[in-house]
Amino acid sequence: MKRNKILVVDDEHLIRWSLEQNLKKQGYEVVTAGDGEEALRLVREEQPDLVLLDIQMPGINGIEALERIKEYDEDIVVIMVTAHGGLETAVNAMRLGAYDYVSKPFNLDELAIIIRKALENTDLKIEVARLRSETKKTFPPNIIGESRQVKQLLEVLDKVARSEASTVLVQGESGTGKELVAKWLHYSSNRADKPFIAINCAAVPATLLESELFGHEKGAFTDAKNTKKGLFELADGGTVFLDEIGDMEMGMQAKLLRFLEDRSFRRIGGGRVFTVDVRIISATNKDLQKAIEEKSFRNDLYYRLQVIPIHLAPLRERKEDIIPLANHFIEVYNKDFNKKVQGIAGMAERILSDYGWPGNVRELKNVIERAIILGNEDTLMLEHLPLEIVAKSSPQSGPPLATFRLPAEGIDIEEVEKELIRQALDNTEWNQSKAAKKLSLGIDAFRYRMKKFGYLK
């Protein structure tokens with residue numbers, strides 16, 4: 001568990017020593033400074049969580065030091081220490097961003113309470129900010145499927161989540177659910193209460209990716225106006241998901257490899273070495289072996305990443321998962337759009353099951369969303385599916401209409417339709433919803449025909 005670090009700043013040696021001994025007994029990591037200049041240096045080098053800052057010091061006084069600390073990192077908690085009679089100055093310090101102030105001579109027990117509350121308040125702010133920046137789940141997301149591939153996948157994921165494996169590589173075509181798998185691993189592990197942070201390596205310019213991952217110090221480059229913590233630092237104790245790792249530039253690959261060796265790094269422009277405990281889950285839809293042959297991906301990084309390799313099968317290779325997934329998405333979008341779709345018509349099921357799904361689960365999800373939005377029936381019908389999907393489905397998937405031959409004398413289509421309605425009702429014991437589904441009709445359209453042919457008064 002991370003120990004909070006406190007910087008004690010006071011020009012009186014005895015006070016520094018007394019506070020240091022007392023705070024160490026409480027379990028804190030403590031560093032000390034005898035003046036404002038040294039304090040500013042230690043703030044940059046040691047990155048303390050809290051600063052106990054004396055106001056009256058020679059050289060840079062406490063107020064000026066406070067302003068410069070907050071300019072460097074506004075998240076550092078600063079508690080001012082003032083002598084009697086310095087109340088106005090202390091109040092002014094709080095306007096400048098100090099958390100609180102204590103007066104000399106101070107009661108160590110009272111000071112301990114103030115420090116604990118300050119750090120708890122900071123932890124709460126960090127957690128609230130994280131909750132606002134990501135939709136935090138405290139349980140693993142559903143992985144839907146009945147196929148052999150999904151059952152085997154869940155067995156592997158369960159073992160990996162419970163292990164201490166720190167590096168996982170997920171490979172599969174676009175849309176197969178690589179980020180879903182990464183989240184499942186995170187929220188099923190003992191890291192679940194720590195951050196899960198994802199970044200798409202293909203979406204961030206190579207020049208900015210290093211800063212995003214490792215952070216930078218103020219002034220490290222032209223636009224670095226403030227110190228920035230990188231994703232590895234922010235996710236300490238949790239998981240970082242590196243999506244599209246196959247698109248990472250070669251120079252950045254070398255820096256990532258170095259980080260993976262011992263989980264240590266320096267911010268850009270900084271000298272302090274940070275060590276973090278993060279699980280790295282990488283994902284790609286590229287053939288990394290081919291990329292290695294083409295000299296666009298490092299061989300040593302590949303073997304470092306694939307300590308635990310996981311392959312996701314495309315949807316076309318696990319067709320028995322298509323309808324369970326479609327029904328799951330229907331439930332989701334029923335809630336989102338206040339609809340009451342109860343199921344999928346027979347013909348629509350055949351088309352969905354037969355289609356090749358080049359976009360995999362993501363494409364299926366989008367198709368169901370569109371159908372729920374545009375449809376007004378309580379059943380998802382063939383007419384609700386995109387024409388390109390219906391057109392690309394195999395003709396063998398439908399009923400044997402091609403075997404039907406129109407008699408030479410012709411036929412009354414109204415009588416055919418009436419007979420089909422009767423048979424559908426008979427086959428379903430006059431359950432109108434089931435009968436409508438057998439004919440790929442919406443319930444309103446089916447009831448209209450029932451009235452038309454005298455089956456419904």
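Guide: Let's settle the residue classes before anything else: Ala, Val, Leu, Ile, Met, Phe, Trp, Tyr, Cys and Pro count as nonpolar, Asp, Glu, Lys and Arg as charged, and the others, Gly among them, as polar. What you have here is a predicted model, where local features need pLDDT of at least 70 and side-chain atom pairs count only at pLDDT 80 or more, while totals for chains, interfaces and linings use all residues. Residues are numbered from 1 along each chain as its sequence is written, and side-chain values use heavy atoms, leaving out hydrogens and water.

The whole structure turns up one cavity of 30 Å³ or more (points on a 1 Å grid over the protein atoms alone where a 1.4 Å probe fits but cannot get out; lining residues have an atom within 4 Å of a point). That largest cavity holds about 40 Å³, a volume being the space filled by probe spheres set on the points, which are joined across faces, edges and corners. Around it you'll find Val341, Ala371, Ile372, Gly375, Glu377, Thr379, Leu380 and His384. Sorted by class, that lining is four nonpolar, three polar and one charged. Helix α15 (360-374) and strand β16 (379-380) each give the lining at least two residues; helices (H or I, at least four residues) and strands (E, at least two) are DSSP runs numbered from the N terminus.

Now follow α15 over to an open space. The second largest pocket (an open set of points with protein on both sides within 12 Å along at least five of seven lines) has about 1100 Å³. Its lining runs to 38 residues, and the closest to the centre are Thr176, Gly177, Lys178, Leu180 and Val361. Two or more lining residues come from each of α6 (148-162), α7, β14, α13 (322-337) and α15. By class, you get 19 nonpolar, ten polar and nine charged residues in this pocket's lining.

Two of those contributors, α7 and β14, take us to the sheet. It's an open one of five strands, in the order β7-β10-β13-β6-β14, with parallel pairing (strands pair if DSSP finds at least two bridges between them). Its edges are β7 (196-200) and β14 (308-312), each pairing on one side only.

Zoom in on the β14 side: valine 170 has isoleucine 310 as its bridge partner, and glycine 172 has leucine 312. Turn to β13 and threonine 167 stands opposite isoleucine 280.

How many of the residues of β6 are buried? Six of six, where buried means under 20% relative accessible area with a 1.4 Å probe and protein chains only, so the strand is mostly covered. In a regular strand, side chains alternate between the two faces of the sheet. Here Thr167, Leu169 and Gln171 point one way from β6, with Val168, Val170 and Gly172 pointing the other way.

Notes. Buried means under 20% relative accessible area, exposed over 50%, partly exposed in between (1.4 Å probe, protein chains only).
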